[in-house]
Amino acid sequence: GLRSAVYGKVGSDFPSRALAKLRSTGLNTQAIRRMEGETGRITIDYSDGPEEKITIFPGLGYDLSTDEIPKGYRNSRVIHVSTAHQPFLESFLESVRKQDYTFISFAPKSDLKLESPETIARLFSKVDAVFCNEFELALYSTADSTERRLVDIANKGPNLIVVTLGERGSLVYSNQEVHKIRAFRPGPVRSLCGAGDAYVAGFWCAYLRGCSLSDCGVFASRVAVSVMRGYGLPLKRQKFERLLSDHFCREILAKPMVDISLRVPRQVRSA
């Protein structure tokens, strides 16, 4: 029920049929730029245990510019910034934070791990929500426990922090309160790739319908399971709809979009 648009760059090696498939799902691909060069690639290796080993070939993926993003995108209810490099992040976050009713969601991944604590604090001060897993949380806070790391990140500026914990569920932190979300058991796990992004999408789908933070976390877990069971990427719509057909998910999706002020005023929050 949400309208989605993407900004990013792909290379001349990226298949046209893949872009056509994205458009056929209703995604606005106006700002996906196809350039001469190679598409960025990420290889994820889970063979050594729960911590993944990530190899990144950036290609064109980091060659981003704030000036290329259509102005209409900046009026979105939620802008989610995923993997990106510091120079682009600095200018882009500064430009979109001027929109009073646009909520800025950020998944830093491991991209900022080599940046100074001052740079990380400055970037986090410009966003409203941070999504990460347990490993990534530890990259950006040196506190000695998960709870203290949540507080540490919140003190940098974000009003909402969400941490996925794999089979242990997830945590949603806001206003000095931790909501513990139990894991939704998916049965056989066929793939973890994309589950985190699916969680983010499910969270905002519920949040924009005025759901409680706990319900947002529970619904997000259900959506993430669609990938872990091998239903998603590419999305098999019938199986996905079957997954969301239980009573809880139907209640969430039946709620109308609400007209709420998503952003806590920055001068109040920082005080």
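These legends go with a set of close-up views of one predicted model.

Residue numbers start from 1 along each chain as its sequence is written, and side-chain values use heavy atoms, with hydrogens and water left out. Because this is a predicted model, local features need pLDDT of at least 70 and side-chain atom pairs count only at pLDDT 80 or more, while totals for chains, interfaces and linings use all residues.

**View 1. The whole chain, before zooming in.**
The chain has 10 helices and 10 strands. Helices here are DSSP runs of H or I with at least four residues, strands are runs of E with at least two, and both are numbered from the N terminus. Of the 271 residues in the chain, 43% are buried. Buried means under 20% relative accessible area, exposed means over 50%, and partly exposed is in between (1.4 Å probe, protein chains only). Take the contacts in the chain with a separation of 6 or more: residues 24 or more positions apart account for 62% of them. A contact means heavy atoms within 4.5 Å.

**View 2. Helix α6 packs on helix α7.**
Two packed helices are described by the angle between their axes and the distance between the axes. For α6 (residues 195–207) and α7 (residues 213–228), that comes to an angle of about 140° and axes 7 Å apart. The axes are lines fitted to C-alpha atoms, for helices over the stretch in contact, and angles run from 0 to 180 degrees between N-to-C directions. The two helices, α6 and α7, are therefore oblique to each other. On this scale, angles under 35 degrees are roughly parallel, over 145 roughly antiparallel, 65 to 115 roughly perpendicular, and the rest oblique. Their crossing, α6 with α7, is right-handed. That label goes with the near helix being turned clockwise from the far one by less than a right angle, and left-handed with anticlockwise. Among the residues making the contact are Ala198, Tyr199 and Phe203 of α6, and Phe219, Ala220 and Val223 of α7. Sorted by class, the contact of α6 with α7 has 15 nonpolar, three polar and no charged residues. For these classes, Ala, Val, Leu, Ile, Met, Phe, Trp, Tyr, Cys and Pro are nonpolar, Asp, Glu, Lys and Arg are charged, and the others, Gly among them, are polar.

**View 3. A closer look at Ser221.**
Ser221 lies in helix α7. Ser221 is buried, with a relative accessible area of 10%. Setting aside neighbours within four places in sequence, Ser221 is in contact with Ser170, Ile181, Arg182, Phe184 and Tyr199.

**View 4. Helix α2 crosses helix α3.**
Here the axes of α2 (residues 86–96) and α3 come within 10 Å and cross at roughly 35°. This one is a left-handed crossing, with α2 passing α3. From α2, Gln86, Leu89, Glu90 and Leu93 meet Thr119, Arg122 and Leu123 in α3. The residues in the contact of α2 with α3 split into three nonpolar, two polar and two charged.

**View 5. The two sides of helix α5.**
In α5 (residues 146–155), the buried residues are Thr146, Arg149, Leu150 and Ile153. They sit on the same side of α5 because they cover an arc of only 105° around the axis; the arc is that of the directions from the helix axis to the C-beta atoms. The buried residues of α5 pack against α3 (117–124), α4 (134–139), β8 (160–164), β9 (170–174) and β10 (177–181). Look to the other side of α5 and you'll find Arg148 and Asn155 exposed. Just after α5, Gly157 takes a positive phi of about 145°.

Lys109 is not a glycine, yet its phi is positive, near 50°. Lys109 sits in the loop between β6 (103–106) and α3, and is partly exposed at a relative accessible area of 26%. Gln176, also not a glycine, has a positive phi of about 65°. Gln176 is in the loop between β9 and β10 and counts as exposed, at 74% relative accessibility.

**View 6. Met35 and its contacts.**
Met35 belongs to strand β2 (residues 28–35) and is partly exposed, with a relative accessible area of 32%. Met35 and Gly11 are 24 residues apart in sequence, but 5.0 Å apart in space, C-alpha to C-alpha. Not counting residues up to four places away in sequence, Met35 touches Lys9, Val10, Gly11, Ser12 and Leu60.
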